[in-house]
Amino acid sequence: MEDHLPQRVRVERRPVDESESRRANGPDWDRYADEYQATHGGFLGDTGFVWGPEGLTEDEAGVLGDVSGRDVLEVGSGAGQCSRWVRVHGGRSFGLDLSARQLQHSRRLDDETGLAVPSVRGTATALPFAAGSFDVVFCSFGALQFIADIDVAVAETARVLRPGGRFAFSVTHPTRWSFPDDPSEAGLTATTSYWDRTPYVEVDDDSGRVAYVEHHRTLGDWVALLAPRFRIVALLEPEWPEGHDRVWGGWSRIRGRLTPGTAIFAADLES
């Protein structure tokens with residue numbers, strides 16, 4: 001959920017492995033974190049839980065279930081807004097993010113709100129927690145679409161969850177891959193195959209280094225990834241609300257009233 005473009009980049013579509021994705025996306029979020037929090041912090045809320053640009057909240061969706069008394073991990077936690085919502089509702093939440101600068105913003109909000117979320121710098125493909133540590137693992141437009149080795153990330157989630165634990169996450173709706181990332185009417189004409197899984201890559205013109213990577217999975221891919229270990233209990237596709245005029249990158253009322261922009265999955269680990 002990033003409305004960014006680094007300065008002076010060229011766009012490519014080509015295979016990118018996990019290490020290259022990580023080397024690009026960690027520094028990219030470090031650069032972008034200040035702007036992101038300044039632009040979107042008010043919409044997200046210091047102790048709010050928003051699943052996507054449509055503004056659907058966890059209070060409305062109830063995807064996590066009752067978090068009171070539960071151990072909860074947020075992967076791709078950013079400044080920890082969603083994790084603070086969990087703590088407000090009686091859960092023991094913890095954060096993990098690849099970006100050091102986002103975690104600094106989390107510490108800032110710890111101090112400003114008086115509601116601290118213990119957080120660690122790390123990656124979803126190597127969660128630094130013991131097996132069976134959590135009742136819930138969630139990711140609100142966080143790490144998952146920036147990861148090449150998504151099967152490893154799903155396996156790591158299964159490892160740290162307790163039997164019957166809930167895994168919930170939101171991603172850009174896979175059908176959006178077919179359309180330009182443009183909030184205007186130009187973003188309503190399909191230009192790319194939905195089944196083309198070649199990563200989207202931005203390369204810094206000055207250094208030649210990969211500056212940003214995003215990976216695409218179809219709805220069927222997500223089901224296939226979850227099915228061996230999890231029982232899918234919900235798939236939400238939030239409609240664009242009436243009167244909601246916020247533009248966030250490629251998300252807008254123009255597009256949102258016609259096509260879904262966010263997919264939210266909830267799945268329980270098989271006992």
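A disulfide is a pair of cysteine sulfur atoms within 2.5 Å. The legends below describe close-up views of a predicted model.

**View 1. Cys82 and Cys139 without a disulfide.** The sulfur of Cys82 has its closest cysteine sulfur in Cys139, at 9.5 Å, which is too far for a bond. Cys139 is likewise in no disulfide, with the sulfur of Cys82 as its nearest cysteine sulfur. A search of the whole structure finds zero disulfides. Cys82 is buried because its relative accessible area is 9%, under the 20% limit. Cys139 has a relative accessibility of 1% and therefore also counts as buried.

**View 2. The open sheet E1-E7-E8.** Three strands form an open sheet in the order E1-E7-E8, and their pairing is antiparallel. Strand E1 (9-13) and strand E8 (210-214) are the edge strands, each pairing on one side only. From one strand to the next, the twist averages 20°. Strand E7 (residues 200-204) pairs with E8 in the antiparallel sense over four bridges. Val201 has Val213 in E8 as its bridge partner.

**View 3. Asp206 in the loop between E7 and E8.** The loop between E7 and E8 contains Asp206. Its relative accessibility is 56%, so Asp206 counts as exposed; the limit for this class is over 50%. Asp206 and Ser178 are 28 residues apart in sequence, and their C-alpha atoms are 29 Å apart in space.

**View 4. The aromatic pair Phe167 and Phe230.** The structure holds 21 aromatic pairs. In the pair of Phe167 and Phe230, the ring centres are 5.6 Å apart and the planes lie at 45°, so the pair is tilted. Phe167 belongs to strand E6 (residues 161-172) and Phe230 to strand E9 (residues 230-236); the pair links distant parts of the chain, 63 residues apart. Both Phe167 and Phe230 are buried.

**View 5. The aromatic pair Phe169 and Phe265.** The planes of Phe169 and Phe265 are at 20° and the ring centres 5.1 Å apart, so this pair is stacked. Because Phe169 lies in strand E6 and Phe265 in strand E10 (residues 262-269), the pair ties together parts that are 96 residues apart in sequence. Phe169 is buried, and so is Phe265.

**View 6. A cluster of aromatic rings.** Ring pairs join Trp29, Tyr32, Tyr36, Phe43, Phe146, Tyr200, Tyr212 and Trp248 into a cluster. One of its members, Tyr200, falls in strand E7 (residues 200-204). Another member, Tyr212, falls in strand E8 (210-214).

**View 7. Arg87 over the ring of Phe94.** The charged end of Arg87 sits over the ring of Phe94, at 5.5 Å from the ring centre.

**View 8. The surroundings of Leu161.** Leu161 is placed in strand E6. With a relative accessibility of 4%, Leu161 counts as buried. Its C-alpha atom is separated by 6.8 Å from that of Val136, which is 25 residues away along the chain. Neighbours within four places in sequence left aside, Leu161 is in contact with Gly132, Phe134, Asp135, Val136, Val137, Arg166, Phe167, Phe230 and Leu269.

Definitions and conventions: Residues are numbered from 1 along each chain as its sequence is written. This is a predicted model: local features need pLDDT of at least 70, side-chain atom pairs count only at pLDDT 80 or more; totals for chains, interfaces and linings use all residues. Side-chain values use heavy atoms; hydrogens and water are left out. Buried means under 20% relative accessible area, exposed over 50%, partly exposed in between (1.4 Å probe, protein chains only). Two strands pair if DSSP finds at least two bridges between them. Helices (H or I, at least four residues) and strands (E, at least two) are DSSP runs, numbered from the N terminus. Axes are lines fitted to C-alpha atoms, for helices over the stretch in contact, and angles run from 0 to 180 degrees between N-to-C directions. Rings of Phe, Tyr and Trp (its six-membered ring) pair if their centres lie within 6.5 Å; planes under 30 degrees apart count as stacked, over 60 as edge-to-face and the rest as tilted. A charge sits over a ring if NZ of Lys or CZ of Arg is within 6 Å of the ring centre and within 35 degrees of the ring normal. Contact means heavy atoms within 4.5 Å.
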